[in-house]
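Subject: Structure handover

Hello,

The structure is placed below for you to look through. My notes on its sheet and on one pair of helices follow.

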Amino acid sequence: MLKFNILSKIILIVLPFLLLFMILYGYLQHSPPLMLGAGVLAILLGFLTSILYSRALRAEEQSRTAKEYLESFINHTTDAIGVFDLDGNLVHVNKASEVIFGYSIEEQLNKKVQTLPSDDYLEEVQAMHRHVRRGGDISSFETVRKRKDGRLLDVSISYSPIRDKDGNVVAYANILRDISERKKTEELLRNTEKLSLIGELAAGVAHEIRNPLASLRGFVQLMNEDKAAKHSLYYGIMLEELDRINFIVTELLMLGKPQADHYRLKQPQTLVEDVMALFSPEALLHNVQIFAEFEDNLPMVKCEETQIKQVFLNLMKNAVEAMQGGGKVLIKVFRQDQHRLVFRFIDEGKGIPGEMLERLGEPFYTTKDKGTGLGLLVSFKIIKYHQGAVRIDSVVDKGTTIDVILPISF
């Protein structure tokens, strides 16, 4: 094909001169055969010109179509695609980059990378740019970048050099993919596996501890009945600590307990009021008042009553312990939509800092001096069994709001 194109160009250059020569020479010599040959040559030249022109149009159309396809792909892909000059300035970027980073195309062009979380990442970027300028490739390098609004993103970046016809690197391009959701999914899977293992281990250990624990408590209780004994003062303390151990063991057993299958339709008001009645004496001891507000015509909710009440008791206990000087706890129950109910617990406690909120529900992570962290872990697991969700919002020195969202039926 290349040889044909070169030959065609040579013919197109030579034929017009040859045709002109034959016409002039035939005219001067009064030679009809020469004039006839010039006519045939003219027809041949026109035919060849028509073929080449048609091929040129077709090639141009194919090139334009390919360019449109490429531009459409670049502008409609969900990955950010950018082209850098050899000085590291961004000279071309697609629409997806606007969506991922929040910067307009105009804000990004002809500037060096401005999405770094900190200067600590500068050497990383410079090293990648040096590597690709030398002709190297970088594939799926995972790192962190920052949006215009300050939010951090997990990203995967690939770099490729752009070469001219002589093979020299004249620019380079990168493809950046937001993998934040994938990272969250991977973390969720890791936590799920971790919790599953913890549950199995906890249930096994708790089962083995509970029997000797019951024997120890029984003997200490018998000894405590003898008030004249030498160390009777310590027996009460020992009983309290044994009860505390037993409470932890019970919660550990709950981690390994299989999903409850005794779901029944229950009135939301009854669930909350029963827990309030049960917890009221404890609240009064801490100078805390508990109020409840119920939306009209609430539907019944499908749940395992004992476990849901355990969740509510844990939340109320946490709320009361967060208000050491007393205060109010408000429980609101309302529809989120046609399929879900929200049980909202609002306290006036000291609140929880943002960095701690993310870790709530981890085994043995707690914001309380004598807490175990298992209460919330068990609560989250129960709500997960009910195909519900828990949302926590807190402001330091203002209070905490916890939403328990349950499906009406499932």
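**What was found**

Helix α5 (residues 122–133) lies across β1 (80–84), β3, β4 and β5, and runs at about 150° to β3. Helices (H or I, at least four residues) and strands (E, at least two) are DSSP runs, numbered from the N terminus. Axes are lines fitted to C-alpha atoms, for helices over the stretch in contact, and angles run from 0 to 180 degrees between N-to-C directions. Contact means heavy atoms within 4.5 Å.

The model is predicted: local features need pLDDT of at least 70 and side-chain atom pairs count only at pLDDT 80 or more, while totals for chains, interfaces and linings use all residues. Residues are numbered from 1 along each chain as its sequence is written, and side-chain values use heavy atoms, with hydrogens and water left out.

**The sheet**

An open sheet is formed by 5 strands in the order β2-β1-β5-β4-β3, with antiparallel pairing. At its edges stand β2 (90–93) and β3 (138–146), each with a single partner strand, so one side of each has no neighbour in the sheet. On average, neighbouring strands are turned by 30° against each other, direction ignored. Two strands count as paired if DSSP finds at least two bridges between them.

β3 and β4 run antiparallel and are joined by 7 bridges; arginine 145 has leucine 153 in β4 as its bridge partner. These two strands form a hairpin with 5 residues between them, and glycine 150 in the turn has a positive phi of about 95°.

Strand β4 (residues 152–163) also pairs with strand β5 (residues 169–178), in the antiparallel sense over 9 bridges. Serine 156 has arginine 177 in β5 as its bridge partner, and tyrosine 159 stands opposite asparagine 174 in β5. The hairpin of β4 and β5 has 5 residues between the strands, and its glycine 167 takes a positive phi near 90°.

**The helix pair**

The axes of helix α8 (residues 268–285) and helix α9 (residues 305–321) come within 10 Å and cross at roughly 50°. α8 and α9 are therefore oblique to each other (under 35 degrees counts as roughly parallel, over 145 as roughly antiparallel, 65 to 115 as roughly perpendicular and the rest as oblique). Residues of α8 including Leu271, Val275 and Phe279 meet residues of α9, among them Ile308, Phe312 and Met316.

Regards
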